[in-house]
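Today I'm looking up what surrounds the two ligands.

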Amino acid sequence: MAELLITGGAGFIGSHSCLMLLEAGHNLVVLDNFDNSSPESLKRVLELAGPSAADRLQVVEGDIRSAGDLERAFEAAPAGRPITAVVHFAGLKAVGESVREPLRYWDVNLCGSRQLLESMQAHGCRSLVFSSSCTVYGLPEQTPISESAAIQPINPYGHSKAAVEQLLADLAASEAGWRIARLRYFNPVGAHPSGRIGEDPRGIPNNLFPFVSQVAVGRRDCLQVFGGDWPTPDGSGIRDYIHVMDLAEGHQAALDVLLAEPPQLLSLNLGSGQGHSVLEVVRAFEVASGRSVPHTIVERRDGDAASTVADPRLAAKRLGWRTRRCLEEMCRDGWTWQQANPEGYGR
Ligand code: NAD
Ligand code: UFG
């Protein structure tokens with residue numbers, strides 16, 4: 001059992017990971033400013049985790065860019081049991097928005113991470129799991145993508161994630177004792193099978209899965225498939241979708257390894273190693289939901305790659321972790337969430 005600080009714990013990936021970490025017996029302090037989430041997600045996490053978790057989750061409303069808010073979060077841990085590790089989810093993640101508002105993205109993602117690291121150092125806490133993204137690889141020269149592929153992001157969001165990765169490497173090299181995992185997620189989707197927590201994007205979804213599920217539930221009319229002429233078997237883009245519960249298990253595995261092994265800096269892909277096309281996702285979602293998902297093929301979206309699929313072998317080797325849930329489960333659980341919460345958490 002460990003005392004953990006979870007930044008951004010109310011968000012999509014954070015909420016599922018908090019549930020799993022509570023179920024594993026850890027004590028959590030969540031620091032979140034609810035910029036892109038609702039406190040309701042954490043209420044539901046507690047409800048799912050059961051009565052034994054009630055006094056093991058402290059929620060601090062605050063900003064990772066504020067030294068004072070971070071101080072309150074570190075102090076929220078029970079007396080005599082300081083925070084031993086941080087899982088750092090807090091950040092901004094919309095590619096298009098990052099192109100329009102680079103200052104905000106660099107501020108939250110880079111300055112926020114820098115402030116967090118300074119507070120960790122001040123508290124003698126040197127274990128960190130960081131939410132990075134396969135976006136750091138940009139348009140990959142070859143797929144499956146291994147961790148040794150070039151880091152060459154193509155948008156401000158990706159630049160900010162790559163910059164934090166570099167900062168973490170510099171920090172680990174500057175001082176002994178840091179245990180850091182930079183986890184590069186591929187495409188996280190789905191929801192907890194209960195349908196009580198899930199992804200709740202604000203406004204029109206940028207990403208495929210939430211868009212498809214909102215079309216299926218009748219909130220939107222038609223999916224635009226961005227490109228039907230990619231060099232893929234059915235002409236639509238291929239991605240490596242990963243069930244959010246598998247991703248949460250990946251964080252738990254990374255924490256276990258970091259806390260058990262000597263200090264190190266890890267960079268690991270979290271993906272399944274299997275690609276699915278947009279049209280395959282549409283069909284799988286239609287089967288899972290029993291609804292039709294009207295769609296039309298339009299022009300390619302700027303900045304998209306034909307296919308991005310993880311080489312997941314290093315994560316399997318280092319963490320003893322691999323994905324277990326298939327596309328059908330991603331669609332089934334995503335649909336359970338969407339159907340029970342057609343307007344998300346009602347923000
Ligand atoms: P999310 O937006 O649902 O969660 C992020 C959380 O951070 C939210 O609860 C938000 O309110 C909080 N937050 C934002 N700015 C903050 C600040 N300044 N101070 C405190 N809290 C703040 O996103 P998510 O999908 O759960 O993603 C979590 C992390 O994983 C992000 O860092 C994201 O960049 C990364 N990531 C996500 C994906 C994806 O497709 N979902 C893929 C790769 C990497
Ligand atoms: N797509 C559509 N229509 C849509 C939305 C998406 O056809 O309305 C297609 C895209 O062209 C792509 C696939 O569905 O082929 C997946 O697109 P997403 O937007 O869901 O995901 P991306 O792979 O483009 O990128 C997202 C984030 C990246 C991050 C990556 C992996 O935007 O920053 O997931 O985590 F790196």
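First, a term: helices (H or I, at least four residues) and strands (E, at least two) are DSSP runs, numbered from the N terminus. This is a predicted model, where local features need pLDDT of at least 70 and side-chain atom pairs count only at pLDDT 80 or more, while totals for chains, interfaces and linings use all residues. Residues are numbered from 1 along each chain, ligands from 1 in the order written, and side-chain values use heavy atoms, leaving out hydrogens and water.

**Entry 1, ligand 2.** I looked up which element gives the largest share of the shell here, and strand β8 (residues 223-226) does, with 4 residues. A residue counts as near if one of its heavy atoms lies within 4 Å. Of the 21 residues around ligand 2, the nearest include Ser-133, Phe-186 and Gln-224. Then I checked polar contacts (a pair of N or O atoms within 3.5 Å). A backbone N or O atom of Gln-224 sits 2.7 Å from a nitrogen atom of ligand 2, and a polar side-chain atom of Arg-301 is 2.8 Å from an oxygen atom of the ligand.

I found 27 residues around ligand 1, with Asp-32 and Tyr-157 among the nearest. A polar side-chain atom of Asp-32 lies 2.6 Å from a ligand oxygen; for the side chain of Tyr-157, I noted 2.7 Å. Ligand 1 exposes 820 Å² taken alone, and the protein buries 95% of it.

How values were computed: A polar contact is a pair of N or O atoms within 3.5 Å; within protein, one must be able to donate a hydrogen and the other to accept it, and residues adjacent in sequence count only if both atoms are side-chain atoms. Accessible areas come from the Shrake-Rupley method with a 1.4 Å probe; for residues, only the protein chains shown count as cover.
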